[in-house]
Amino acid sequence: MSSVTLTAECVECGAEISVPADVMQGEILPCMDCGAELEVIALEPLTVDLAPVEMEDWGE
Amino acid sequence: MRVGILCSRVRVEEKLLFAAFAALGVTVERFDERQITARVGSFSLPVEVMLERSVSTSAGLVAAQLLEAAGVRVINSYATASVCADKIRTTLALDAAHIPQPRTEIALSDEAALAAIERIGYPAVLKPVVGSWGRLLARVNDRDAAEALIEHKTVLGGVGHQIFYVQEYIEKPARDIRAFVVGDETICAIYRSSPHWITNTARGGAASNCPVTPEIADLCSSAARAVSAPNGGGAGGLLAIDLLEDPDRGFVVCEVNHTMEFRNSIDTTGVNIPERMAQFVLESA
């Protein structure tokens, strides 16, 4: 796994989120404090927002 | 050659695929289907081949049609993906190819559904026609449960839940098999073991290596060809075949998945699944 070098702030609870160095736009990051799923919507600057809620047709 | 990966949510699988293409010396561009707006007749994207990995089945199918109309080779093709995404179409395709599968009945009303369940016998399994990750699967153990479930689906469910897909319950040995097919080759397989009757790894099933016997390889390749046949090219995709072990009949095909997840199957099988997928995409262009 990549080493953690970046952080972001959870938009739900304000906790600090660890972000892997090879993070990609669209990647989902869990907030370990509140359990929210956050989506990386931009890399520069690193920006996260609440990830879309799972839909009925998601999956394989 | 310009290669794209279509995805909104970047899961572990998509990161592994990007890394696999990079290891093969190919730069892959990511496209997010949520950003597609397509003027019919003039839509295009600057790629020759697109690996469709949308987490949304509906969006992925629409995007595949738009891309193919624009001359892009999509993997999996719309023809194949649309069969896999619909359990009724999958069942019909497997049946047409004489692939063994659980006894299945389709019913279009609540009365017909109850009759179908009674004919299948208890326990029976009800599945949504479109769905995955083990969501909304129901094992129906008796008539009381059948009546309650049908009423709930009829009253509370959307339009898609008014079509009833009923299968016999296979008394499998606390596991099923997921096999990965690349093109015409079954490259590896895992057992998914769970004390629960739903064995999806997304629902906690434990993965272990399943040796690919000639029987498993032949059956899975045949199933892949069966769902690919409408495209006219035989097996030609990246598919995951789920098998159940029936104590009397042997292997039966439970479903075929067209945007498979594989994070739990690489170390388990020792097969570099994303690399094999990336190679197939490059060879398909």
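**Chain B sheet and the A–B interface**

An open sheet of 4 strands in chain B has the order 2-1-3-4, with parallel pairing. The model is predicted.

Q: What makes strand 2 and strand 4 of chain B edge strands?
A: Each pairs on one side only. Strand 2 covers 28-31 and strand 4 covers 73-75.

Q: How do you know that strand 3 and strand 4 of chain B pair?
A: Pairing requires at least two bridges. Strand 3 (residues 49-52) and strand 4 of chain B have 3 bridges, in the parallel sense. So they count as paired, by the rule of at least two bridges. B:Val49 has B:Arg73 in strand 4 as its bridge partner.

Q: Which strands of chain B does helix 1 touch?
A: Helix 1 (residues 12-23) packs on the sheet and touches strand 1 (3-6), strand 2 and strand 3 of chain B. Its direction makes about 170° with that of strand 1. Helix 9 (residues 273-284) of chain B also packs on the sheet, touching strand 1, strand 3 and strand 4.

Q: Why is the meeting of B:Lys15 and A:Glu27 called a salt bridge?
A: The cut-off is 4 Å between a Lys or Arg side-chain nitrogen and an Asp or Glu carboxyl oxygen. Here the N to O distance is 2.9 Å. The pair therefore qualifies under the 4 Å limit. The count between chain A and chain B is 5 salt bridges.

Q: How much area do chain A and chain B bury between them?
A: About 1900 Å², with 41% of it on carbon and sulfur atoms. A:Asp57, A:Trp58 and A:Glu60 supply 44% of the area that chain A buries against chain B.

Technical notes:
Residues are numbered from 1 along each chain as its sequence is written. Chains are lettered from A and ligands numbered from 1 in the order in which they are written. This is a predicted model: local features need pLDDT of at least 70, side-chain atom pairs count only at pLDDT 80 or more; totals for chains, interfaces and linings use all residues. Side-chain values use heavy atoms; hydrogens and water are left out. Buried area is the accessible area (1.4 Å probe) that two parts lose on being put together, summed over both. Helices (H or I, at least four residues) and strands (E, at least two) are DSSP runs, numbered from the N terminus. Contact means heavy atoms within 4.5 Å. Axes are lines fitted to C-alpha atoms, for helices over the stretch in contact, and angles run from 0 to 180 degrees between N-to-C directions.
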